[in-house]
Structures are given as structure tokens and as C-alpha cells.
Amino acid sequence: MPKSKEKEKWSLIIKPKTGWFDFQPYDIWRYRDLLMMFVKRDFISVYKQTILGPLWFIIQPMLTTIMFIVVFDQVAGIPTDGAPPALFYLSGLVIWNYFSTCISKTATTFTANSAIFGKVYFPRLIMPLSNVVSALIGFGIQLLLLFLLILYFFFFLGVNLHFNSYILIVPVILLIVAALGLGFGIIISSLTTKYRDLTHLVTFGIQLLMYATPVIYPLSFFSGKYKLLILANPLTSLIEIFRYALLGVGEFNIWYLSYSLIFTLLALSVGILLFNRIEKSFIDVI
Amino acid sequence: MSKVVISVEDLGKKYRLGSFGTGSLSQDLNQWWAKIRGKENALKIVDFQGPKNADNDEFWALENLNFEVNQGDILGIIGKNGAGKSTLLKILSRVTTPTLGEIKVKGRIASLLEVGTGFHPELTGRENIFLNGAIMGMTKSEIKGKLDEIIDFSGVERHIDTPVKRYSSGMYVRLAFAVAAHLEPEILIVDEVLAVGDAEFQKKCLGKMKEVSHQGRTILFVSHNMTAVKKLCSKGIVLKQGKISFEGRVGEAVETYLNLSLFEEKSEITWSYSPHAFNPVQITALRVIREDNSLSGNIYIHEDFFVEIEFLNNKEGNHLSSYFEVRKLSEGGVFSSANWSSAIANVDPFSNCAYPKGKFKSRMKIPGNYLNEGSYEISAWVLENISATAAEAKNTLTFNILDDGKMRDEYVGEWFGVVRPKLEWLTSQVGPGYY
């Protein structure tokens with residue numbers, strides 16, 4: 001009976017889920033205010049719910065750095081490319097923490113938000129995107145800590161400052177790290193709608209991955225096949241470049257960077273496709 | 001002819017029954033591959049009696065739905081639980097996708113499936129207005145433009161900069177509804193929101209809905225309250241087992257619905273225990289039982305009968321009690337009762353005391369010659385420490401009180417009122433006559 005009205009203009013057609021590629025970036029742009037509201041919500045709840053609030057962002061890397069100095073520098077004697085160990089470890093940790101926060105927050109997108117997803121429609125990708133933006137708060141605080149520490153080493157311990165023009169690449173590095181964390185995170189979150197236990201694997205996996213990333217050792221520590229193995233990790237070149245820009249140690253290699261970039265774009269594309277696919281049906285599964 | 005704003009064409013939604021994550025990993029992987037190759041494979045623990053196909057592990061929650069809604073209509077969607085109402089609303093609000101067919105829509109849809117979605121307890125009322133509005137699809141500037149109106153409507157202006165965790169539940173709901181009411185969508189989906197809030201606020205909401213429809217906007221109203229449906233709606237659709245069993249004027253629709261429930265024999269609803277819900281308390285069954293212990297939803301008016309709730313308590317030492325609300329389908333609330341010691345006629349050993357872990361059933365006796373004939377509906381709650389909901393099953397089970405003719409020796413017409421008790425009467429002569 002309603003078939004005669006084909007020519008009319010409909011603002012929305014609700015259909016069975018279609019192909020893999022009906023991804024609508026405009027839809028996300030339209031909801032950008034929501035993204036910022038989620039970021040604000042995360043920010044406020046961090047301040048209000050804990051006694052020390054944002055101080056945790058400082059305590060965690062500080063204690064970890066001290067731990068690393070004791071274990072890997074003092075006991076194991078792993079070199080730090082000549083940089084002061086505290087700066088070396090902290091700079092690695094700042095990037096690593098941002099990456100692991102991005103991935104672990106976004107990895108639970110579907111499971112943690114099933115209540116709200118079950119009630120209202122909005123582009124689901126808004127949620128992991130807001131997680132990645134919220135994680136910048138912690139990153140910013142830790143980056144500030146790193147700068148203060150660098151200045152302290154410069155003024156009081158006479159360590160040379162190595163700030164150079166490569167520092168301009170830091171925002172790019174950050175963007176790639178965010179995209180990489182997001183990509184992996186949404187791939188995992190898509191898979192966890194079916195396999196809940198995957199979250200355990202992820203927590204564990206992230207811990208292990210840190211040891212395959214030059215956080216506690218420089219890339220130059222390895223050679224041969226081990227070096228290739230470490231380089232296969234897309235985070236490796238990012239951390240190396242970050243250290244190179246800030247501390248003047250590490251390696252800036254445009255090929256390594258290109259590899260990381262391509263890897264990231266690939267992970268992000270796969271993630272978005274998978275996520276887009278799952279978001280339409282997951283509410284019946286969860 | 002008025003403009004069609006929603007056109008539903010051959011809509012179908014299939015669910016797959018079965019539990020989540022059973023079978024081996026390889027089976028799951030196979031399934032997963034099948035799924036990403038594009039086969040609908042919605043695994044879900046479903047607890048409603050939908051139409052089942054031969055496989056018995058798939059069923060259609062909605063089948064072959066075709067209807068249109070014109071601009072400015074207030075359409076009442078009625079049907080028993082499991083008839084597919086919520087599935088239809090979920091598809092309309094784009095929470096889930098249909099398996100077959102399509103829905104074409106003109107204009108923005110906003111749904112009040114659950115008001116206050118995304119409210120964060122730590123944020124203030126004002127911040128939550130922005131968050132909630134944004135979740136519902138408004139932009140920041142749209143919300144800013146309506147902020148004063150929203151605050152005014154909610155009636156919580158004094159506490160608007162207080163975190164909502166300090167709000168009473170009434171204030172919370174009022175604020176949430178205020179945001180939703182000011183979304184100004186072309187199509188508004190309202191689902192049982194009127195069950196909350198005090199009488200004055202309900203009146204305000206109904207008024208707002210009327211106002212919205214006068215502005216040429218369309219409302220889809222889902223409710224179990226037939227009085228409200230009759231009062232508000234102009235048209236009605238009755239859903240039965242995923243199909244439209246009636247479409248037309250609202251009066252006839254309500255009539256059809258009430259007739260449907262009259263011939264419903266079912267007097268037991270069971271829920272399978274779902275370990276994924278992690279609820280300390282889960283209701284597993286709700287039944288209407290006759291005096292001879294048989295399950296029947298049709299009770300003769302003179303018979304005593306029982307309403308029984310069965311639930312699992314998974315937490316040692318929970319202070320629980322059971323609470324029922326009985327509502328007459330055509331008229332409204334009749335009574336509520338809970339097994340609290342001061343509120344019952346006997347002694348219940350499990351009356352708001354510490355429950356050990358285990359399965360419990362709690363029975364309430366409704367005496368014969370008490371309820372008038374008609375269809376009734378039960379909502380059941382398991383309460384924790386008297387006031388908190390540990391588990392609930394709202395508007396699920398219906399039963400019918402049938403007239404057995406035993407009170408009909410003299411009068412055969414309709415008895416007035418929701419109760420028809422046999423009361424004591426005593427008539428005596430108190431004086432002489434005057435003629």
C-alpha cells in the first residue's frame with residue numbers, strides 16, 4: 001500500500017544493515033558537541049570522584065620511573081643511550097601511558113556502554129573518540145611533569161638541553177599514537193561483544209607489549225633479528241622520535257616512521273570497518 | 001490528505017534464541033565468520049513468547065509489519081509484553097536494525113524510551129541538561145536557546161547547579177523529562193514515561209504531549225494504561241505476536257486489546273536464569289494459581305487465588321521483601337501489597353529479613369468476592385531494604401476475573417467499580433410509617 005510514494009523525500013530510511021562500507025563521517029561531525037560533552041564528563045568525574053584527583057596522573061609515572069631506575073638501570077644495567085635514566089624512562093612512559101590508556105578505554109566501548117547504547121542512537125564511534133580525547137588530559141599532565149623534570153635536570157644538574165626543531169613533530173607523533181590506540185581499541189571492542197574473555201587477554205597483552213616497546217631500553221640496545229622484532233612494533237619508532245625530539249637520544253628514521261604510519265592507518269581502517277559493522281547488531285548480542 | 005511522516009514497509013525482525021558464548025571456540029569462530037559475512041545472527045537470551053519457526057531457535061519478534069503514520073497523529077501502540085512493541089520502538093529509535101523491510105521517516109525522531117539516559121551523577125543539573133540533550137541529538141547552541149525553558153519546566157531551578165546525585169528520584173525524572181520534552185523533534189516516541197512522577201507532573205507531561213501534537217508533530221505512544229491511551233491518542237495499533245492484529249480508531253483498538261487479553265490462558269511467566277546479568281536477585285517466575293494449585297489465568301469471582309513470585313537470591317544476607325501492584329487493564333491501579341509484617345494479615349517468616357542464598361517463592365492470596373470481573377495486570381518487585389528495587393517485572397502477567405453467575409440471581413447488568421466485595425448488610429425497621 002505505501003509503495004506509491006517512492007518519490008517523496010525521506011529524511012531517514014531505516015534498513016537492514018548493509019555493506020561494510022556505509023560509514024558516514026558526516027554523522028560523526030554532526031554529533032561533535034556530544035563528543036565534547038563526553039570529554040567534559042570524563043574530566044569532571046576524574047576530579048570529583050577521587051581524593052587525589054588528577055594527582056594520580058603524576059604519582060603513577062613517578063613511582064614507575066623510580067621503579068625502572070632501580071630495576072633496569074641500577075640492577076640490570078641496561079643503557080639509556082646516555083640520557084639521564086629518569087628522563088629516559090619518563091619520556092617513554094608518557095607516550096606508553098597515553099597509548100595504553102587509549103587502547104584499554106576504547107577496548108570496552110561496547111561492553112561498558114551497553115546500557116546507554118541500548119536506549120539512544122548516536123554514532124557509536126563518538127564514544128571511543130571521546131575516550132581518546134579525554135586521555136589527553138592525563139597525557140598533558142604527564143607531559144608537563146616531563147618538561148619540569150627536564151628543566152630541573154638542566155638548571156640544577158647541568159644536563160644539556162637538547163630541544164631541537166624536531167619538537168614540532170611531537171603533535172604528529174601524538175596523533176599517530178592516538179590513532180593507533182583507537183584503531184586497536186575499537187578492533188578489540190568489536191570482538192569483545194562476542195568474546196568477553198578477550199578483555200583479560202588485552203589487559204595482559206598490553207602489559208607484555210610494553211616490554212616489546214623501547215620504554216625501558218633504547219632501540220640501539222638491540223641488533224640483528226631482535227632489532228627487527230622490536231621495530232615490527234609500530235610504537236617503537238614513535239617513542240624513539242619522541243625521545244630524539246626532547247632528549248636528543250634515540251633514532252629518527254623516516255622509514256621507520258613511515259612504517260608506523262602505514263601500520264596505524266591500516267589498523268584504524270580495519271577498526272572503523274569492524275566497529276561500524278558491529279555497532280548495528282551488537283545490542284542484540286550483548 | 002495529510003502528509004505521511006512514517007512509513008513502515010514489510011518490517012521484520014528475527015532474533016535467535018540461545019545462550020551467549022556456549023559451544024567451542026571454533027564453533028563460535030565459525031558463527032562469527034558467518035556473521036561478518038552478513039548473516040543476521042543475533043544471539044540473545046530472550047524471554048518472551050514470540051512466534052517461533054520450525055527450527056525453534058529463531059523467532060520473529062516482528063513480522064510483516066505495514067503501516068503509515070500521518071503528521072500530527074498521536075498513535076497508540078498497544079499489545080501485551082512480548083508482542084513486539086519494544087522491538088518496534090528500538091528499530092524506530094535506531095538502537096537496533098531490522099532484519100527485513102524498512103522504515104522511512106520524515107523529520108527527526110526522539111524517543112523517551114528511557115528518560116535521563118546518560119545522566120551522570122557527578123555532573124550538575126545544568127551540565128546534565130547539556131549532556132543529555134547532546135545524547136538526544138541536539139547541538140550545544142540549540143540547548144542553550146532552550147535552557148531557561150527546560151529549567152523552568154523541570155521545576156528544579158533551585159538545585160540546578162547541584163550534582164544530580166543529590167537529587168530525589170522525582171527531581172531527577174522531572175529534569176530528564178524536561179530535556180526530552182524540549183527536544184522539539186518532528187516525531188516523538190513516548191514509552192511509559194508517565195508511570196513516573198507525581199500526579200501534577202503527569203498532568204504537565206500529558207499537557208506537553210497534547211501541545212506538541214497540536215503543533216503538527218507526531219507522537220507514538222506506548223502504554224499499558226488504556227485510559228491514557230484512550231484519552232491521548234487518535235489512532236491505535238494492536239500488536240499481537242509480532243503482527244498487527246488491529247489498526248484503526250483508538251476506541252476500537254483498546255477494545256480489541258482487552259478482548260485479546262481476555263482469552264489469554266497463560267498465567268505463568270518464567271525467566272531463565274542469565275548468569276551474564278550479574279544481578280544479585282533475579283525473578284525467575286510469576287504465576288497466578290487457583291485454589292486447587294492449578295495454573296490458570298481465568299479465575300471465577302468467588303474463588304480465592306494466589307499470585308506467586310519466584311526469585312533467586314545470589315547474595316547472602318540480602319534483606320528482601322516482595323511487592324505486587326495489581327492494575328485493572330481498563331481503569332488503572334487497584335491495590336498494592338507487600339509482605340511486610342505490619343502490612344499483612346498473617347505472619348510471613350521471610351518478611352524483610354536476611355535471606356540466605358537460594359530460590360524463594362512468595363505467595364499472596366487474593367480472596368474471592370473481592371475483585372470485580374475484568375482483566376487485571378500484575379507488576380512485581382523484589383525490594384531490598386524496603387525501598388530499593390532488587391528486581392522487577394512490570395506489567396507482565398495478566399489474569400481475568402470471570403463472573404460465575406453466583407451473584408446474578410437478581411441483577412444481570414454491570415457492577416460498578418473495580419472491586420465487587422460481598423459485604424455484610426443489615427437492614428432493620430427503625431420506626432413506623434406515616435400513611
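This is a predicted model: local features need pLDDT of at least 70, side-chain atom pairs count only at pLDDT 80 or more; totals for chains, interfaces and linings use all residues.
Let's start with chain A. What does its secondary structure come to? We have 13 helices and one strand. Chain A has 286 residues, and 40% of them count as buried. Now look at the contacts in chain A with a separation of 6 or more: 80% of these come from residues 24 or more positions apart.

Let me pick out one helix. Helix 4 of chain A covers residues 85-106, and its end C-alpha atoms are 31 Å apart. Why does that agree with what we should see? At 1.5 Å a residue, its 22 residues should span 32 Å, so the two values agree. Helix 4 is also mostly covered, with 20 of its 22 residues buried.

Now for the contact between the chains. Chain B brings 42 residues to it, and chain A brings 32 residues. On the chain B side, several elements supply at least two residues each, among them strand 1 (4-17), helix 1 (25-36) and strand 3 (58-70). Which element of chain B gives the most? That is strand 5, with five residues. By class, this side of chain B has 19 nonpolar, twelve polar and eleven charged residues.

Strand 1 of chain A, residues 12-14, runs antiparallel to strand 5 of chain B, and three bridges join them. To find one on your screen, look for Leu12(A), whose bridge partner in that strand is Val105(B).

Notes. Residues are numbered from 1 along each chain as its sequence is written. Chains are lettered from A and ligands numbered from 1 in the order in which they are written. Helices (H or I, at least four residues) and strands (E, at least two) are DSSP runs, numbered from the N terminus. The expected span of a helix is 1.5 Å times one less than its number of residues. A residue is buried if 20 or more other C-beta atoms lie within 10 Å of its own, exposed if 12 or fewer, and partly exposed in between; C-beta atoms are placed from the backbone. Two residues are in contact if their C-beta atoms, placed from the backbone, lie within 7 Å. Ala, Val, Leu, Ile, Met, Phe, Trp, Tyr, Cys and Pro count as nonpolar, Asp, Glu, Lys and Arg as charged, and the others, Gly among them, as polar. Two strands pair if DSSP finds at least two bridges between them.
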